[in-house]
Amino acid sequence: MAVPIAIFAATYLLIAVQRVPYVHLNRPAAALLGAVAMVAVGGLPLEQAYRAVDLDVMVFLLGLMILVGYLELGGFFEAAGAWLLRRAGTPARLLLLTMAGGGALSALFVNDTICLVLTPVLLAALKPLGVRPVPYLVGLAIGANIGSALTFVGNPQNMLIGVWSGLPFARFALALLPAVGGAMAIAYGVLRMVYRRELAGPLPAPVVPGAYPVDRRLVGTALALFALALVGWVAGGSLPLVAIGAGALMIALGRRDPAEAFAKVEWSLLVFFAALFVVMRGLEHAGAVAPITRAGTALATLGGRVGEAAAMSGAMLLLSNLVSNVPAVILWREVIPGLPDPAAGWLVLAMSSTFAGNLLLIGSMANLIVAERAEARGVRIGYWEYARAGVPVALLTIAWGVLVLALRP
């Protein structure tokens, strides 16, 4: 048992730090190394490693990524971002539209994608005004994280929860709506306070981003298929089957070289998921998952519904900022079904693992995408700069989410 546990610990450590002397690793690479080690020296048979990969999750992700890839090719996200920014008349309203718009788009089209395409749009709109863009960039990252908690298609960890929980799509979204809506209001209030001097007064000039070309036929087709997918999910259809069906239809109807859309698929994220599944199966094969499950269950059943939700959220706050939210959720996969109310547990897990990503700049991939895209254009978001808004936002929104979900009928 010692070797698989050591491999598991080393994998999660590498995921957390991502850098060791003379070696540069990102999260997918660290997870892949751990998966290979589990088979090569950890005693996990190769056949079991193959079976460990959850194909429902992989197919769901792939189908959704294909649809989003075609929307990105058609220029939908840039056009949507520009449309929102044109309606800003004051700094405070610009911040509100950035957060609310980024959150709404993230709930449907994955927060990482929204941050990837909207960051340069936001910077292009703000550059002629001579205002400091950092408050709005921080608002975009925080708003995208919060909004993504609303649905199974909002972020990678929610996709896992959607497949594993068996909860209906509509029930999940309706249950989380009060938590997400309240959290967005809390976050906006915190950012208004943190950046109150910069948000005072009018903007130097109207925010009018340049025109972004849109392939109307391609975008219209992708949005129609996405709408059909939403109808299918709400009606109780299989998450992976509906997603891959919509993606396949998009390829057939897109009239574009599919290679362009496939280039937009986050293959590294698929590798990350598959490798983590193998690492966890290796730990399970060694008999080490049962003690983790017992410890997690004991923690998650402390002191009534509020206590349970608070304990689980505290664990997610810590784990999500150490190893990121996807590995944290995978680690708790076996804990939730053993709780007195598994459905409530899945909701708390989705809320807390997502809201926890706002604590620090390294707390979520969406944060890092905004920071890296901005730095490539000469705008730096420091760790403390982000934390002075992110820390109170994460703590207050998680507390709100705990109360809302624990006290719901």
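The model you are looking at is predicted.

An α-helix has 3.6 residues a turn, so residues three or four places apart point the same way. Glu284, at 44% relative accessibility, is also partly exposed.

Next, select Trp233 and Trp332. Of the 151 residues in the largest nonpolar core, these two touch the most other members. Helix α14, residues 267-285, contributes the most to this core, with twelve residues.

What kind of aromatic pair do Phe60 and Trp233 form? The pair is edge-to-face, with 5.8 Å centre to centre and 85° between the planes.

Move to Phe109 and Phe226. Their ring centres are 4.8 Å apart and their planes meet at 40°, so this pair is tilted. Phe109 lies in helix α6 and Phe226 in helix α11, 117 residues apart. Phe109 has a relative accessible area of 3% and is buried; Phe226 is buried too, with a relative accessible area of 3%. Ring pairs join these residues into a cluster that also includes Phe60, Phe152 and Trp233.

Now select helix α4, residues 55-73. At 1.5 Å a residue its 19 residues should span 27 Å, and its end C-alpha atoms are 27 Å apart, which agrees. Of those 19 residues, 14 are buried, so the helix is largely enclosed by the rest of the structure.

At the N-terminal end of α4, select Asp54. This residue caps the helix, with a side-chain oxygen 3.1 Å from the backbone nitrogen of Asp56. The side chain of Asp54 also meets that of Arg333 in a salt bridge (3.5 Å, N to O), although the two are 279 residues apart. Asp54 is buried, with a relative accessible area of 13%, whereas Arg333 is partly exposed at 29%. Just after α4, Gly75 takes a positive phi of about 80°.

Finish at helix α20 with Glu385 and Arg388, three residues apart. They form a salt bridge, the closest N and O atoms being 3.4 Å apart. Arg132 and Glu198 are linked with them in a network of salt bridges.

Notes
Residues are numbered from 1 along each chain as its sequence is written. This is a predicted model: local features need pLDDT of at least 70, side-chain atom pairs count only at pLDDT 80 or more; totals for chains, interfaces and linings use all residues. Side-chain values use heavy atoms; hydrogens and water are left out. Helices (H or I, at least four residues) and strands (E, at least two) are DSSP runs, numbered from the N terminus. The expected span of a helix is 1.5 Å times one less than its number of residues. Buried means under 20% relative accessible area, exposed over 50%, partly exposed in between (1.4 Å probe, protein chains only). A polar contact is a pair of N or O atoms within 3.5 Å; within protein, one must be able to donate a hydrogen and the other to accept it, and residues adjacent in sequence count only if both atoms are side-chain atoms. A nonpolar core is a set of buried Ala, Val, Leu, Ile, Met, Phe, Trp, Tyr and Cys residues joined through side-chain atoms within 4.5 Å. Rings of Phe, Tyr and Trp (its six-membered ring) pair if their centres lie within 6.5 Å; planes under 30 degrees apart count as stacked, over 60 as edge-to-face and the rest as tilted. A salt bridge is a side-chain nitrogen of Lys or Arg within 4 Å of a carboxyl oxygen of Asp or Glu.
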